[in-house]
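Welcome, and thanks for opening the model alongside this text. Please keep your selection tool ready, and we will go from stop to stop.

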Amino acid sequence: MANELQLREGLSTWFGSAVTTDDGVMNECLQICSNYNITPDSLFFNWEAFSFNSVASIQIMNLDGAKALRAHVAREFARTNEKSTSNAKGNAKGRAKVPTLAVGSRLGANVALRANVSATRSIPPVNLSVKFEGPDAKEMSKRKYRYMFEKISTRSEALDDRIDEFNQVVREKYDVDEFGDPSSVSEDVVTVLGRICLDSETDAVASSSKLSSTTLVLEPSRMGGSGERVPIKFAPDFCIRGATDSNAGKSLFPGEIVALRGRNGGGGWFLVTEILPLPPVAPSPKLTQGALSISVASGPYTSDQTLNFSPFNAIIEEAKASSPSVLILLGPFIDAAHPAVKSGKLPSSPLSLFQQSFTHPMQSLLQQNPDTLILIVPHVRDILCSHTVFPQGCGESDFGILPSSIRILPNPCIISLNGVRLGISTMDVLYHLKNQQYIQRPMQVSNGIATQPAPSDAMANLCRHVLEQRSFYPVFPVPLELSSDVNLDVSHSEHLKLGESAPDVLLLPSILRQFSKIVENTIVVNPSVFAKSRTLAILQIPAAIEMNKICDIANVELKRLG
């Protein structure tokens with residue numbers, strides 16, 4: 001039997017971060033291998049079979065899952081030993097050989113098909129060229145929450161808490177002593193904090209109406225204003241504090257948290273005289289732990305007219321030639337919205353199609369460039385994912401057996417690569433913001449002629465919304481025509497937060513035209529849909545010998561393949 005060091009390396013190769021980030025899980029697996037003479041690869045296949053038929057609470061390899069697996073292996077060991085003893089012939093007093101649980105035994109039968117598909121491949125070693133930090137086993141377990149069990153009270157509290165989270169931020173930024181209630185009639189100018197909403201959600205659902213000057217209402221939290229919605233109107237000479245252009249407008253969308261100054265004079269609405277922009281989160285300067293090259297592509301990877309995933313091979317060939325440190329692949333991979341999927345005309349099972357079209361090309365890349373780390377972030381429309389809500393958790397088992405150099409991440413997520421923080425989401429928040437925004441412009445008059453505001457960078461403004469709202473998806477409610485692409489679970493919106501500081505790089509794929517921009521010292525990249533744009537985003541980040549903003553030293557190239 002292998003020594004402990006070899007067992008640790010084998011377990012790390014097959015189970016990845018589930019054992020490398022949790023000593024308790026690693027120790028449980030070591031004891032199973034040692035006590036029952038099981039190799040790490042056999043234990044992994046046994047775990048796949050066991051978790052496949054288990055309840056949701058033990059489908060993730062955490063400490064509880066490892067203990068449950070140990071008990072199950074003990075039962076199988078006793079059954080196998082009993083059968084071996086009953087069939088043994090010869091000296092009954094002879095010492096029986098300790099049986100080994102085989103991959104093809106009943107314990108591994110449920111993964112026989114998946115194991116056969118990848119049985120002949122060579123497993124590359126664990127990637128050591130990039131220091132990867134991502135969601136730990138506990139966080140991954142939280143992401144596998146039960147959905148369709150939202151309570152109205154829980155949903156309401158989550159929406160209320162989101163408003164209150166900005167209370168202290170606005171107080172410190174603008175030196176506000178106390179927030180007012182927009183529904184209270186007063187001649188005094190007050191500062192209010194709340195969420196932008198449509199005048200009537202019922203009308204919005206019925207007619208898919210959008211924000212306009214006549215449908216704007218403000219919803220404060222229950223703590224800040226009893227939660228009563230109040231129509232808002234803008235004074236003709238309203239201003240935006242800190243704006244360099246006096247003619248600049250303000251982009252508003254449903255769900256946006258805003259801070260406003262004005263008064264309710266008793267006319268049934270709150271008159272806004274000044275907008276206080278929320279301070280966006282910004283990344284902090286840092287030292288990079290070695291040079292880093294990152295290639296990013298976003299699905300779908302085939303057109304609606306065919307299920308030919310040959311465009312994906314262009315990504316693999318480019319990666320073979322350039323040998324990136326990290327290849328980030330964003331879903332959807334096998335899109336549930338594809339006509340062939342909706343009509344049930346798939347040539348094979350979704351898992352087999354994924355393995356043939358994606359897994360095998362990725363394996364060929366790793367055989368040539370074993371130091372490349374491949375990160376997969378699924379989409380809500382990925383047919384292979386059992387978790388189809390946003391925020392989304394997706395286990396590695398959904399995509400079949402993958403080597404440890406290929407990791408499945410939740411959607412959205414924040415990771416660190418050599419000290420560089422990346423925020424990743426496959427939800428098309430940019431298009432949704434563009435689709436729902438309403439721009440309120442001040443009426444500035446010069447010589448009796450209304451002047452037009454100076455042109456601004458529309459894409460940068462959309463990205464700025466994400467940073468100001470500190471959320472991967474700040475839109476609420478989700479537009480009716482887009483709701484099937486989101487499946488938003490509001491009660492778990494804590495997984496949508498950007499955190500106390502912004503990522504150095506923000507990957508926000510969209511059907512909008514590809515771009516790379518620096519917004520508030522964060523590099524925002526939209527590689528667009530690869531099936532249409534054939535665009536691969538390539539980030540080159542050199543090793544830093546002093547504290548730097550990543551946006552000052554990184555280089556981004558949007559390379560068209562073919």
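Start by selecting α15 and α16, two helices that are roughly perpendicular to each other (the term covers angles of 65 to 115 degrees; under 35 is roughly parallel, over 145 roughly antiparallel and the rest oblique). Helix α15 spans residues 429-436 and helix α16 residues 458-469; they pack at about 105°, with axes 10 Å apart. Axes here are lines fitted to C-alpha atoms, for helices over the stretch in contact, and angles run from 0 to 180 degrees between N-to-C directions. Helices (H or I, at least four residues) and strands (E, at least two) are DSSP runs, numbered from the N terminus.

Now show the side chains where α15 and α16 touch: V429, L430, L433 and K434 from α15, and M459, L462, C463, H465 and V466 from α16 (contact means heavy atoms within 4.5 Å). By class, this contact has 7 nonpolar, 1 polar and 1 charged residues. Ala, Val, Leu, Ile, Met, Phe, Trp, Tyr, Cys and Pro count as nonpolar, Asp, Glu, Lys and Arg as charged, and the others, Gly among them, as polar.

A word on the model: it is predicted, with local features needing pLDDT of at least 70 and side-chain atom pairs pLDDT 80 or more, while totals for chains, interfaces and linings use all residues. Residues are numbered from 1 along each chain as its sequence is written, and side-chain values use heavy atoms, leaving out hydrogens and water.

Stay on C463 for a moment: is this residue buried or exposed? C463 is buried, at 0% relative accessible area, whereas C239 is partly exposed at 37% (buried is under 20%, exposed over 50%, partly exposed in between, with a 1.4 Å probe and protein chains only). The disulfide count is 0, a disulfide being a pair of cysteine sulfur atoms within 2.5 Å.

Next, select the barrel, which 5 strands close in the order β2-β3-β4-β7-β6 with mixed pairing (two strands pair if DSSP finds at least two bridges between them). Zoom in on β2 (residues 190-198) and β3 (residues 216-219), which run antiparallel and are joined by 4 bridges. There, C197 has V217 of β3 as its bridge partner.
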